[in-house]
Amino acid sequence: MESNNPATFVVLGAIALGLVTALVAMVRSLIVICLPNEMVVISGRRRTLEDGRAVGYRVLHGGRTMRIPVIEKVSRIDLRTIPIEVVVKNAYSKGGIPLIVQGIANVKVCAREPVSYNAVERLLDKPFDEIMQIAKDTLEGNLRGVLATLTPEEVNEDRLKFAQRLIEEADEDLHKLGLELDTLKIQNVTDEVKYLDSIGRQKTAEILKIARIAEAQRTSEAEQTEASSRQAAQVAKIEAD
């Protein structure tokens with residue numbers, strides 16, 4: 001019996017170590033950690049939001065929480081910025097001139113309440129590429145709507161104002177989808193009928209005309225000043241004689 005005691009202690013120690021390891025692993029599996037660049041959705045239990053709506057999930061943005069095994073499921077939504085190339089062709093501006101507009105936008109899933117609830121209900125478990133396509137289609141639709149209210153001159157001359165109008169128009173629609181617009185820049189505005197080119201040539205001609213008139217006026221003033229100086233010198237000489 002005494003010779004078996006050490007082996008018994010070893011077995012008991014191994015069992016205890018296994019139980020502790022299993023317990024630690026189980027506890028770790030119940031802890032949900034949310035990284036700063038993601039949003040965690042824990043679904044399975046109903047809760048009431050501040051606006052009175054009852055939903056079957058809770059949202060975590062950063063930090064950690066515990067989940068109930070079997071009952072609750074954990075899903076994650078990526079909050080990384082999505083760069084989107086926005087291109088609209090044959091978009092009619094105010095006055096009926098079709099324009100081609102190219103721009104770049106940075107969009108991401110919004111983690112701020114209550115917009116984040118829209119993201120959970122509309123974008124949860126959707127592939128990243130599908131979310132990007134949804135944002136792209138929404139922005140291009142808003143771009144056509146804004147173009148219809150502006151003349152080609154307004155679009156081409158003040159692109160910052162045009163981009164700001166587009167941001168204001170798109171924000172509401174993107175928030176309904178659970179998205180938000182970080183930045184938007186209009187890179188190029190052209191048209192197939194060369195309307196903007198003709199406007200540019202006309203303005204260039206006007207600028208050159210104004211420059212020639214100004215140069216002629218300065219030349220005339222210089223000549224008049226020189227003639228007046230010569231006349232004054234002759235009068236002074238006559239008076240001296």
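Student: Where is Asp125 placed, and why does Asp125 count as exposed?

Tutor: In this predicted model, Asp125 occupies the loop between H2 and H3; helices (H or I, at least four residues) and strands (E, at least two) are DSSP runs numbered from the N terminus. Asp125 has a relative accessible area of 56%, so the residue is exposed.

Student: What makes the phi of Asp125 worth a remark?

Tutor: Most residues other than glycine have a negative phi. Asp125 is not a glycine, yet its phi is positive, at about 70°.

Student: Which value does phi take at Val70, and why is Val70 called exposed?

Tutor: Phi of Val70 is positive, near 75°, and the residue is not a glycine. Val70 belongs to the loop between strand E4 (63-66) and strand E5 (73-78). With 85% relative accessibility, Val70 passes the threshold and therefore counts as exposed.

Student: How do you know whether the peptide bond from Glu113 to Pro114 is cis or trans?

Tutor: Omega is near 0° for the bond from Glu113 to Pro114, and that bond is cis. Most peptide bonds are trans. Pro114 is found in the loop between strand E7 (98-109) and H2.

Student: Why is Ser116 called buried, and which residues of H2 are buried?

Tutor: Ser116 lies in helix H2 (residues 115-123). Its relative accessibility is 1%, so Ser116 falls in the buried class. The buried residues of H2 are Val115, Ser116, Tyr117, Ala119, Val120 and Leu123. Leaving out residues up to four places away in sequence, Ser116 touches Met39, Cys110 and Ala111, where contact means heavy atoms within 4.5 Å.

Student: Why are H2 and H5 called oblique to each other?

Tutor: The axes are lines fitted to C-alpha atoms, for helices over the stretch in contact, and the angles run from 0 to 180 degrees between N-to-C directions. H2 and H5 pack at about 60°, with their axes 6 Å apart. Angles under 35 degrees count as roughly parallel, over 145 as roughly antiparallel, 65 to 115 as roughly perpendicular and the rest as oblique. The angle of H2 and H5 belongs to the rest, and the two helices are therefore oblique. Val115, Asn118, Ala119, Arg122 and Leu123 of H2 make the contact with His175, Lys176 and Leu177 of H5. By class, four of the residues in this contact are nonpolar, two polar and two charged; Ala, Val, Leu, Ile, Met, Phe, Trp, Tyr, Cys and Pro count as nonpolar, Asp, Glu, Lys and Arg as charged, and the others, Gly among them, as polar.

Student: What makes H3 oblique to H5?

Tutor: The axes of helix H3 (residues 128-147) and helix H5 (residues 159-177) come within 9 Å and cross at roughly 135°. That angle makes H3 oblique to H5. On the H3 side, the contact includes Ile134, Thr138 and Leu139, and on the H5 side Phe162, Arg165 and Leu166 are among the residues involved. The contact comprises 10 nonpolar, two polar and three charged residues.

Student: Why is Ile134 called partly exposed?

Tutor: Ile134, in helix H3, has a relative accessible area of 23%, so the residue is partly exposed. Apart from neighbours within four places in sequence, Ile134 contacts Leu123, Lys126 and Leu177. The C-alpha atoms of Ile134 and Leu179 are 9.8 Å apart, although 45 residues separate them in sequence.

Student: How do you know that Ala163 is buried?

Tutor: Ala163, in helix H5, has a relative accessible area of 5% and is therefore buried. Not counting residues up to four places away in sequence, Ala163 touches Leu184 and Ile186.

Student: How many of the residues of the protein chain count as buried, and which conventions apply?

Tutor: Of the 241 residues, 29% count as buried. The chain comprises six helices and eight strands. Residues are numbered from 1 along each chain as its sequence is written.

Note on methods:
This is a predicted model: local features need pLDDT of at least 70, side-chain atom pairs count only at pLDDT 80 or more; totals for chains, interfaces and linings use all residues. Side-chain values use heavy atoms; hydrogens and water are left out. Buried means under 20% relative accessible area, exposed over 50%, partly exposed in between (1.4 Å probe, protein chains only).
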